[in-house]
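Please read the points below beside the model.

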Amino acid sequence: MDGKIKRRRLGRTELMVTELSFGAMNLRLLKSFDEARTIVNHVLDQGVNLIDTARAYKGEIATGVILESEQVVGEVVRSRPCLDEPLVLVTKGHAYTIPALEQDLAESLKTLGISGRGTLKLGPQEVRLIYLVHGISQERWATVKASGVLDRLQELKRDGVISHIGFSSHYPFAAQIKEAIDSGVFDVAELPYNIFNRSLGEDGPLDLLAYAHRQDIGLINMKAFNGNGMVPIYQVMREHIPIDYPAMLRFCLSNPAIATVDAGVRVPAEFDLDRQAAQAEPLPAAEREALKAEADKIAGLMKNVCRECMHCQEKFSCPHQIDFPRILSLYARYRFMTRQGKDTADLARQYRLLVPNGDDCVACGECMPWCEYRLDIPMLLKEAHQVLSKP
Ligand code: SF4
Ligand code: SF4
């Protein structure tokens with residue numbers, strides 16, 4: 001493919017990053033380490049210079065086999081020849097107290113294989129490490145502010161253990177995002193934004209993306225495609241509105257506040273498509289508005305929908321062994337397909353194979369604080385059972 005991926009300035013870090021970056025979260029959804037290494041090598045071959053991972057991005061890819069995305073990223077970067085510039089690595093921890101921060105950061109450095117102070121090395125490769133406080137919510141932000149974590153992060157940056165400090169957060173936490181921006185501590189923010197949900201951007205009471213950009217915070221755009229679980233839904237949706245993946249990506253890239261869109265591709269061909277889209281002409285303003293109008297026709301259907309982002313599973317599992325993300329995603333597809341008059345028998349068949357199922361939920365609510373979208377999980381499980389348990 002001709003031409004390099006364009007670069008944008010990542011706010012006050014002064015790093016020039018490729019506007020298409022690689023989100024390593026989905027490595028845990030692949031079937032083997034080889035597949036994971038192949039995709040990381042591919043994006044690096046294409047010139048991507050920012051990889052976004054997290055301590056918690058790990059999953060069981062086969063019985064008893066855990067794939068940690070930090071491990072794969074570290075291994076691949078170490079195995080490659082030196083680039084003529086530092087590679088930008090982003091990782092995140094559920095680091096809301098100082099002991100949790102020390103432990104998570106130490107584990108991240110070890111798993112990635114990063115050594116040194118000031119000049120950080122990963123094997124032969126010089127890297128810049130951006131450390132994010134993962135998934136700031138109301139409760140977590142209150143803990144972070146009271147625990148001394150912000151001071152400790154600044155010490156770690158001064159000591160050269162990390163290069164820059166950031167945070168990630170999600171749609172329901174606009175007030176905490178604004179406070180985090182105003183704290184002056186963070187160089188980088190990773191936030192969700194896409195054509196169907198612009199609530200942290202131009203549709204919010206305050207355009208937080210533009211606000212962060214004005215404070216010179218480098219913005220990493222996650223969820224440009226609205227989450228893993230949306231893939232089968234979009235296949236149905238495409239029959240009704242003219243919005244495809246390239247259009248979604250070009251929409252995000254047309255927002256000047258965004259430095260890079262973090263694409264969680266799973267195979268090289270997906271990345272190549274994203275790259276083609278990123279290299280197309282910038283989206284003209286009129287086309288951007290037309291896409292928004294199309295998206296708004298179905299945006300209501302995207303509310304109260306599980307995205308299979310799996311963030312809830314990073315540190316939690318239901319004490320009653322209910323695979324609630326699986327049930328909620330089947331239900332999301334059911335709702336969407338029913339509205340489009342599609343056959344949902346296969347979804348019901350898949351649901352009936354699940355033991356335990358939504359009817360076994362005791363509505364203890366323990367899962368709810370872990371959902372990044374603050375879904376009413378017990379209620380949705382009940383609704384799902386009502387419609388999907390019928391033969
Ligand atoms: S509310 Fe239901 S799904 Fe959630 S933790 Fe409790 S039993 Fe599990
Ligand atoms: S329940 Fe919430 S956090 Fe869990 S996968 Fe669904 S949307 Fe993501």
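1. Helix H1 passes helix H2 in a right-handed crossing. The model is a predicted one. H1 covers residues 33-45 and H2 covers residues 69-79; their axes come within 10 Å and cross at roughly 55°. The two helices are therefore oblique to each other. On the H1 side the contact is made by Phe33, Ala36, Arg37, Val40 and Asn41, and on the H2 side by Val72, Val73 and Val76. Sorted by class, the residues of this contact are 6 nonpolar, 1 polar and 1 charged.

2. A second pair to look at is H9 with H10. H9 spans residues 245-253, and H10 spans 268-279. Their axes are 9 Å apart, and the helices pack at an angle of about 50°. H9 and H10 are therefore oblique to each other, and the crossing is right-handed. From H9, the residues Tyr245, Pro246, Leu249, Arg250 and Leu253 meet Leu273, Asp274, Ala277 and Ala278 of H10. This contact has 7 nonpolar and 2 charged residues, with no polar ones.

3. Which residues of H9 are buried? They are Met248, Leu249, Arg250, Phe251, Cys252 and Leu253. The cover over these buried residues includes strands S13 (218-222) and S14 (260-263), together with helices H10 and H11 (285-298).

4. Cys252 is buried because 24 other C-beta atoms lie within 10 Å, and the cut-off for buried is 20 or more. Leaving out residues up to four places away in sequence, Cys252 touches Tyr193, Asn194, Asn221, Ala224, Ile258 and Val261. Met222 is 30 residues from Cys252 along the chain, and their C-alpha atoms are separated by 9.7 Å.

5. Ser329 belongs to helix H12, residues 324-339. With 23 other C-beta atoms within 10 Å, Ser329 is buried. Between the C-alpha atoms of Ser329 and Val149 the separation is 35 Å, and the two residues are 180 residues apart along the chain.

6. Ligand 1 is surrounded by 13 residues, of which the closest are Cys318, Cys361, Cys364, Glu366 and Cys367. Divided by class, this shell holds 10 nonpolar, 2 polar and 1 charged residues.

7. Ligand 2 is surrounded by 13 residues; Cys306, Cys309, Cys312, Pro325 and Cys371 are the closest. The shell around ligand 2 divides into 9 nonpolar, 1 polar and 3 charged residues.

8. Where does Lys223 lie? Lys223 sits in the loop between S13 and helix H8 (230-237). Lys223 is not a glycine, yet has a positive phi of about 60°. Lys223 counts as buried because it has 25 C-beta neighbours inside 10 Å.

9. Arg374 is placed in the loop between H13 and H14. Its phi is positive, about 50°, although Arg374 is not a glycine. Is Arg374 buried or partly exposed? Arg374 is partly exposed, as 16 other C-beta atoms lie within 10 Å.

10. Pro356 also lies in the loop between helix H13 (345-352) and helix H14 (377-388). The peptide bond leading from Val355 to Pro356 is cis, and its omega is near -5°.

Definitions and conventions. Residues are numbered from 1 along each chain as its sequence is written. Chains are lettered from A and ligands numbered from 1 in the order in which they are written. This is a predicted model: local features need pLDDT of at least 70, side-chain atom pairs count only at pLDDT 80 or more; totals for chains, interfaces and linings use all residues. A residue is near a molecule or strand if its C-beta atom, placed from the backbone, lies within 6 Å of it. Ala, Val, Leu, Ile, Met, Phe, Trp, Tyr, Cys and Pro count as nonpolar, Asp, Glu, Lys and Arg as charged, and the others, Gly among them, as polar. Axes are lines fitted to C-alpha atoms, for helices over the stretch in contact, and angles run from 0 to 180 degrees between N-to-C directions. Helices (H or I, at least four residues) and strands (E, at least two) are DSSP runs, numbered from the N terminus. Angles under 35 degrees count as roughly parallel, over 145 as roughly antiparallel, 65 to 115 as roughly perpendicular and the rest as oblique. A crossing is left-handed if the near helix is turned anticlockwise from the far one by less than a right angle, and right-handed if clockwise. Two residues are in contact if their C-beta atoms, placed from the backbone, lie within 7 Å. A residue is buried if 20 or more other C-beta atoms lie within 10 Å of its own, exposed if 12 or fewer, and partly exposed in between; C-beta atoms are placed from the backbone.
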